[in-house]
Amino acid sequence: MSNLTLQPKLRRKLSYLLGGLFLCLGSTLSLQGNFENVDTTRLFERMQARINVNDYDRALPKLEELKERRIRGEARENVFFFLTLARLLDGNLEGALEASDLYLEDFPEHERERFLSVYRADALRGLGRYEEALEILREYPNRRNWGNWSRDFRIDVRSKIAETFYLIEDWENALSAIETLIQQLPRIQDEAQRQEMRLRAYSYLIQTYIGLGRLDEAFSAIPNLAGDTDARFDLSFNMALIRGGDQMREAENYNAALAFYQSVILPDQIREHFNNRLEMLRQEPPRSETLARIQSIERRLEIIEDLPPDVVPSFRWRIGDSYYNLGRLHEAYWAFRRVWDEHPDHPFAERAMYGSFNSAHQLGRKDRAQRIGEAYMADEDTTLFYGIIGSRLWDIYRAANDAQAITTLADQLEFYVLEEPESDQAGIGVTTLGSALSSLRDFDRIQTVMNRVYRAVGTGDAADNAQFWIGTSAMMQRDFQTPINQFKELVERSPDAPFAEEASFRIPTSYMALREWDEAKNYFNQFLENYPESRLVPDALGMMGDIGYAQRDRETAFEFYDRAITAATPPEMETPNMQIIDRAFFRRAGMARNERDYPTVVQLLEEYREDFIATGLAGAESASRGLFELGQSYAQRGQDEQMVEIFLEAVSNYGDLRRSYGVDSMINTLVNRYEEIRGSSPRAWFINLRAEARAANEQTKELRTVMALNRLGRDTSSPLLDSDQFFTAASPATLAWYGQSIIQEDQERARRAFQTLLSEFPDSDEAISALLGEGDFLLSEGQYTEAKDLFQQATQQFSRNDRVVEAHLGLGNALLRLGEYEDAEQAFRRVTGNRSWRHRWAPAHFGIARSQEGAGNPDDAINSYHRVFITYLRSTEYSAEAYLRAGKLHEEANRPEKARALYEQMLERDVLSDTPQFSEARERLQSL
């Protein structure tokens with residue numbers, strides 16, 4: 001963990017050795033032996049007192065002066081002993097070594113040599129000369145009088161040996177030494193001293209375990225440092241815990257990583273702890289022990305102040321990352337958010353911002369994710385995750401259909417990819433930008449931006465993705481030659497690019513759009529050879545089947561559709577690609593039906609029924625379609641009984657689904673043909689189905705049965721018909737039936753039914769009823785342009801529907817009212833030109849006459865009116881009005897005799913006597 005490196009080792013390690021130095025001071029700062037005179041004795045007593053209170057400024061000059069005198073015997077020993085100690089405590093480590101050399105040269109056998117050698121080892125450790133220190137310390141247990149020395153001294157030496165191994169990270173030797181030390185600790189008489197050394201030993205032990213990678217043992221030992229202890233608040237110890245957590249995180253053991261991280265005490269808490277300790281210590285008498293502790297704490301605080309600035313934010317980010325990898329997204333969000341809120345200017349803030357965004361996005365908090373993502377995208381200093389955040393914002397905006405937000409995002413991404421086309425995120429930024437602009441259908445902008453990106457970089461993900469979108473946008477504009485060239489170049493240049501596989505697939509699909517079947521087959525074969533494991537293999541095989549279908553090559557189509565079904569059906573039927581399977585089955589069935597090969601149609605659809613409908617793998621719409629086409633195929637084979645069985649099954653199973661395919665048509669067939677086939681009415685069956693639907697609260701199915709029973713002549717009401725729930729439950733046919741049935745008594749609900757049908761089922765076969773009904777309403781309200789649009793839509797969308805004749809008539813009437821007489825006449829003539837629409841020729845010929853009259857062609861209009869009342873006399877609505885209008889045109893042309901003859905002829909027609917035009921004709925005749 002390089003970013004958690006502390007101060008240089010000298011300062012860091014010195015704080016440890018000086019922190020433990022006072023443990024042996026009590027046994028060494030007493031003067032022993034004889035002095036040359038009383039004055040010297042008093043002098044050393046004063047020096048000792050000054051050293052005890054860390055008054056080195058006054059002690060050291062006198063000791064340095066004595067060092068230069070020719071003092072002999074015990075006095076000389078005292079001078080070099082205390083000079084070594086004073087220099088060591090004052091931080092003059094080189095000077096301490098020099099004094100210790102002089103001491104050992106003159107007094108190698110002195111009883112205090114053992115203390116002096118420990119001081120020498122402390123000076124060497126402070127200078128980082130650990131091996132030399134170890135050479136001194138490790139020799140102690142081998143001395144012959146080792147066992148005679150005090151227990152505290154021996155434990156102190158073992159402590160320094162263990163500590164030195166720890167400092168040089170010789171973990172194996174450190175572990176052995178620390179374990180030996182811990183075994184000896186109970187022998188220390190002084191309880192406070194024993195407890196302090198125990199805590200420091202466990203601190204070293206835990207860090208050693210971490211150094212050895214024995215993390216479970218390290219974590220298990222942490223409770224030994226419980227409480228408000230200096231060892232627990234040691235910075236190095238807590239940094240070691242972070243390293244232990246990092247090791248666990250790198251091993252993807254995130255629970256263990258969190259356990260370490262949550263045990264860490266951070267620098268602010270450490271600083272507060274030691275500042276409180278300083279206040280307490282400064283209130284104590286200025287003893288050497290107290291002052292040594294103060295020095296140790298001051299050094300600890302210096303180290304904390306010198307920490308790299310990323311220690312805390314990076315540590316908190318690791319906690320968030322561990323939560324995230326454990327799927328604890330709520331906790332991850334707040335951990336990341338804390339870094340972002342408390343360290344907004346830190347480099348880790350951007351990573352934390354991304355972590356917060358990602359966590360919120362995966363939690364489904366799209367609003368929160370959106371706010372964070374938009375803040376990120378608006379910050380000019382954040383770019384590390386620009387592409388991926390933009391991508392996920394695109395997902396949010398697309399789901400909300402927020403065109404304005406998509407436009408803003410596209411502007412941001414365009415600026416980014418053009419400013420930094422070679423950045424790591426540029427590739428995904430280009431992809432998202434292409435998707436956003438595509439949704440806005442701004443294909444020219446896609447071409448412009450992507451060409452600029454491609455020219456700017458030439459290679460790499462951004463260039464490859466840009467070229468892919470150049471081709472894709474061309475395809476969306478129905479330009480299929482451009483993508484062929486772009487995709488070929490992309491695949492040749494970067495066969496391993498992210499979009500290379502997709503590009504290879506789109507080359508033959510573009511050839512298909514150009515109907516260049518041989519080229520399409522050639523490139524599909526190349527795709528299948530180059531990407532045999534691709535997720536697009538089933539699509540490629542299915543499209544090879546489509547080529548056979550388009551060429552009416554049944555053998556080829558059946559072969560590739562079979563292969564597509566196999567490829568789209570994984571082992572054990574897990575999540576098959578039903579879109580491909582459906583197309584393959586239904587197109588093969590369609591080809592066989594076109595060739596009147598009904599046995600094959602039935603065989604295919606029965607297979608589909610067994611493998612996919614019965615197993616629940618087929619979607620409801622596809623399942624109902626399969627049963628619908630199967631029933632029709634049985635009917636085409638003359639097996640009407642089997643058709644009825646299939647239709648009854650489909651209506652029962654899929655009747656409650658509004659969008660189920662063909663259910664309304666099957667109900668219509670059952671209403672019209674059930675009695676013919678089975679010799680009895682289906683009323684009882686529909687009544688039972690209605691009861692079952694009501695009991696199960698299947699509202700759509702209940703409404704369908706109500707419609708069926710009404711068509712069967714059994715007036716059936718339902719509370720659903722009068723409720724708002726009707727409009728959310730009714731199927732297309734039910735909406736059309738209901739709107740038409742109440743159009744006279746409740747126009748408001750009728751219109752609502754038509755509008756619901758148009759908005760929710762615009763592609764339904766029943767939508768023509770809504771177009772016609774709503775068009776008639778608009779005509780009656782004088783909204784002729786709107787009516788014209790609806791009727792025109794009906795003529796285009798339902799050109800093969802039997803009821804489209806009404807759309808042509810409605811269109812003609814709307815055009816009449818708009819004064820577009822030539823277009824109106826053409827609309828009516830389209831009706832009269834179709835012999836299958838003879839039943840609607842009367843209003844069509846009447847419309848032609850009206851159009852001619854409006855266009856200022858009275859003679860043509862009179863002739864057309866003559867045709868209406870002569871040919872379609874029984875159509876009194878039109879023939880009566882035709883008589884009257886023709887008579888008026890004669891009057892306007894000053895031909896009263898012809899007008900009188902027409903009125904007299906009309907009054908002789910008893911069939912017209914109840915029409916309002918009959919009375920008006922009598923009045924006009926009398927006026928002539």
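Me: Which residues touch the most other members of the largest nonpolar core?
Reply: In this predicted model, the largest nonpolar core has 242 residues. Nonpolar side chains tend to be buried together in soluble globular proteins. The members with the most contacts to other members are Ile206, Ile389 and Tyr608.

Me: Which residues does Tyr608 touch, not counting residues up to four places away in sequence?
Reply: Tyr608 is one of the residues that touch the most other members of the largest nonpolar core. Leaving out residues up to four places away in sequence, the partners of Tyr608 are Met578, Ile581, Asp582, Phe585, Phe586, Ile613, Ala618, Ser622, Ala623 and Gly626.

Me: Is Phe585 buried or exposed?
Reply: Phe585 sits in helix α31, and its contacts include Ile565, Leu604, Glu607, Tyr608 and Phe612. Buried means under 20% relative accessible area. Phe585 has a relative accessible area of 1%, so the residue is buried.

Me: How far apart in space are Phe585 and Thr566, C-alpha to C-alpha?
Reply: In sequence, Phe585 and Thr566 are 19 residues apart. In space, their C-alpha to C-alpha separation is 12 Å.

Me: Are α11 and α13 roughly parallel or roughly antiparallel?
Reply: Two packed helices are described by the angle between their axes and the distance between the axes. For α11 (residues 191-212) and α13 (residues 235-250), the axes come within 9 Å and cross at roughly 25 degrees. Angles under 35 degrees count as roughly parallel. The two helices, α11 and α13, are therefore roughly parallel.

Me: How do the residues of the contact of α11 with α13 divide into nonpolar, polar and charged?
Reply: Helix α11 passes α13 in a left-handed crossing. From α11 the contact takes Ser203, Ile206, Gln207 and Ile210, and from α13 Ser236, Phe237, Ala240, Leu241, Gly244 and Gln247. These contact residues divide into 5 nonpolar, 5 polar and no charged.

Me: Is the crossing in which α27 passes α29 left-handed or right-handed?
Reply: The axes of α27 (residues 500-513) and α29 (residues 537-550) come within 11 Å and cross at roughly 15 degrees. The pair is therefore roughly parallel. The crossing in which α27 passes α29 is left-handed.

Me: How many residues of the contact of α27 with α29 are charged?
Reply: Helix α27 contributes Phe505, Thr509 and Met512, while α29 contributes Asp539, Ala540, Met543, Asp546 and Ile547. Of these contact residues, 5 are nonpolar and 1 is polar, and the number charged is 2.

Me: Is Arg445 buried or exposed?
Reply: Arg445 belongs to helix α24 (residues 443-457). Its contacts, not counting residues up to four places away in sequence, are Ala410, Asp411, Glu414 and Leu437. Because its relative accessibility is 18%, Arg445 counts as buried.

Me: Where is Arg478 found?
Reply: Arg478 has a positive phi of about 65 degrees although it is not a glycine. At 64% relative accessibility, Arg478 counts as exposed. Its place is the loop between α25 (461-476) and α26 (481-493).

Me: What is the phi of Arg596?
Reply: Arg596 lies in the loop between α31 (578-594) and α32 (598-613). Arg596 is exposed, with a relative accessible area of 64%. Although Arg596 is not a glycine, its phi is positive, at about 55 degrees.

How values were computed
Residues are numbered from 1 along each chain as its sequence is written. This is a predicted model: local features need pLDDT of at least 70, side-chain atom pairs count only at pLDDT 80 or more; totals for chains, interfaces and linings use all residues. Side-chain values use heavy atoms; hydrogens and water are left out. Axes are lines fitted to C-alpha atoms, for helices over the stretch in contact, and angles run from 0 to 180 degrees between N-to-C directions. Helices (H or I, at least four residues) and strands (E, at least two) are DSSP runs, numbered from the N terminus. Angles under 35 degrees count as roughly parallel, over 145 as roughly antiparallel, 65 to 115 as roughly perpendicular and the rest as oblique. A crossing is left-handed if the near helix is turned anticlockwise from the far one by less than a right angle, and right-handed if clockwise. Contact means heavy atoms within 4.5 Å. Ala, Val, Leu, Ile, Met, Phe, Trp, Tyr, Cys and Pro count as nonpolar, Asp, Glu, Lys and Arg as charged, and the others, Gly among them, as polar. Buried means under 20% relative accessible area, exposed over 50%, partly exposed in between (1.4 Å probe, protein chains only). A nonpolar core is a set of buried Ala, Val, Leu, Ile, Met, Phe, Trp, Tyr and Cys residues joined through side-chain atoms within 4.5 Å.
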